[in-house]
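Please look over the sequence and the model shown here before reading the notes that follow.

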Amino acid sequence: MNIVVCVKRVAASDTVVKVGADGKSLDPAGVEFVLNPYDEFAVEEAIKTRDAAGGGEITAITLGSSDSEKDLRTCLAMGADKAILLDDGGAARDAYSTAVTIAEHVKGLNPDLVFCGKQAIDGDDSQFPARLAALLDMPVLTEVSTLTKDGDQLRAERDIEGAREVVTCKLPAVVSANKGLNEPRYPNLKGIMAAKKKPLAKVSVEAVAPATDTVSLELPPPRPEGRLFESVDDLIAALKNDAKVL
């Protein structure tokens, strides 16, 4: 099978966030960047799908600056066969511009399956998978928790409010991975050494203007200090009179 996995470099979830000097972006000083956690599920599912099919090729692709090479090497160490870095020099981007740029290059790879994480933990908008599928003219299965393949037919289960939904489609298709789909493997020493020899192409691309504009970015106000109450009656009175939630 010919499989593509779209990944992204993001700030680690335990990062102490600071707003940059421009008031519109994250200050990268002292920030640890990692492979987007949901993309790890996508990479693992791609490997499982390739191996179950008895062979094929997995291409990991990302849009970003040269710093993103590290995260592509992680994908290669996990088991991807090759990688492509679309280098836009670190330009401002959103789900729209990212999907447009990546779709243009994914089309040339003619994939049977495209995997990606259900969302990136920095933007958290969950738009990219659906936008990419629309541009590729493929069906999309989003937030997938269980995936099975029978010939050219995919069957996916998705958690929805109060139930689990079952959806099907035919290949080629785009699948976005949710937590619980699998247990991503950790790259071992053999995989890390092998990743150094696997092909990683770097392609310079023109930045596509984003469809949205960040006006300002600010941290939430600090939480007020906690209060101690002598009795339940005092707590109820505070909830009623001060917080006005009762």
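## Briefing on the predicted model

Helix H2 has as its buried residues Asp 71, Leu 72, Cys 75, Leu 76, Ala 77 and Met 78, where buried means under 20% relative accessible area, exposed means over 50% and partly exposed lies in between, with a 1.4 Å probe and protein chains only. Just after H2, Gly 79 adopts a positive phi of about 145 degrees. This is a predicted model, in which local features need pLDDT of at least 70, side-chain atom pairs count only at pLDDT 80 or more, and totals for chains, interfaces and linings use all residues. Residues are numbered from 1 along each chain as its sequence is written, and side-chain values use heavy atoms, with hydrogens and water left out. Helices (H or I, at least four residues) and strands (E, at least two) are DSSP runs, numbered from the N terminus.

**The sheet**

**Strand S1 and its partners**

- Strand S1 (residues 2-6) is mostly covered, as 4 of its 5 residues are buried.
- S1 pairs in the parallel sense with strand S4 (residues 57-64) over 5 bridges, and in this pairing Ile 3 stands opposite Ile 58 while Val 5 stands opposite Ala 60.
- S1 is also joined by 4 bridges to strand S6 (residues 113-117), the two running parallel, and here Ile 3 stands opposite Leu 113.

**Cysteines**

- The structure holds 0 disulfides, a disulfide being a pair of cysteine sulfur atoms within 2.5 Å.
- For Cys 6, which is in no disulfide, the nearest cysteine sulfur is that of Cys 116, 5.6 Å away; Cys 6 counts as buried at 3% relative accessibility.
- Cys 169 is likewise in no disulfide, with the sulfur of Cys 116 as its nearest cysteine sulfur at 13 Å, and Cys 169 counts as buried at 10% relative accessibility.

**Aromatic rings and a charge**

- A search of the whole structure finds 1 aromatic pair, where rings of Phe, Tyr and Trp (its six-membered ring) pair if their centres lie within 6.5 Å, and planes under 30 degrees apart count as stacked, over 60 as edge-to-face and the rest as tilted.
- The rings of Tyr 38 and Phe 41 have centres 6.4 Å apart and planes at 50 degrees, so the pair is tilted.
- Tyr 38 and Phe 41 both lie in helix H1 (residues 37-52), 3 residues apart or about one turn of the helix, and both are buried.
- The charged end of Arg 9 sits over the ring of Phe 33, 4.0 Å from its centre, a placement that requires NZ of Lys or CZ of Arg within 6 Å of the ring centre and within 35 degrees of the ring normal.

Notes. Two strands pair if DSSP finds at least two bridges between them.
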